[in-house]
Amino acid sequence: MIASKLDVAVNVSHSQLHQFNIGEVKHLLCKLDPSKATSTEYIPVWILKDGCENICIPLQKIINTILTDCEYLTFGKEHR
């Protein structure tokens, strides 16, 4: 059984969540494999890799906010 967002929010202690730093986000962006798909966003990997210096700070804030607030994006997930 998959836990609901409310279950996760109630059971997860925010102090135990890993907060990503800018260096980690930059490292992950630089490691992206251009031969792999980028899901439903259709953002080419070369843009993410070449622009990692410019997008790592806002992306780090988005990731940490999502993890802290337990708000997980569901758009783009289509049921078939």
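A disulfide is a pair of cysteine sulfur atoms within 2.5 Å. A search of the whole structure finds zero of them. The sulfur of Cys-30 has its closest cysteine sulfur in Cys-52, 3.5 Å away, which is too far for a bond. Cys-52 is therefore in no disulfide.

This is a predicted model, in which local features need pLDDT of at least 70, side-chain atom pairs count only at pLDDT 80 or more, and totals for chains, interfaces and linings use all residues. Residues are numbered from 1 along each chain as its sequence is written, and side-chain values use heavy atoms, leaving out hydrogens and water.

Cys-30 is partly exposed, at 38%. Cys-52 is buried, at 6%.

Now the fold. The protein has four helices and zero strands, running α-α-α-α from the N terminus. Helices (H or I, at least four residues) and strands (E, at least two) are DSSP runs, numbered from the N terminus. Of the 80 residues, 12% count as buried.

Contact means heavy atoms within 4.5 Å. Among contacts with a separation of 6 or more, 64% link residues 24 or more positions apart.

Gln-60 lies in helix 4, residues 52-69. Gln-60 is buried, with a relative accessible area of 15%. Which residues does Gln-60 contact, leaving aside its neighbours within four places in sequence? They are Phe-20, Asn-21, Ile-22 and Val-25.

Key
Buried < 20%, exposed > 50% of the residue type's maximum accessible area, 1.4 Å probe, protein only.
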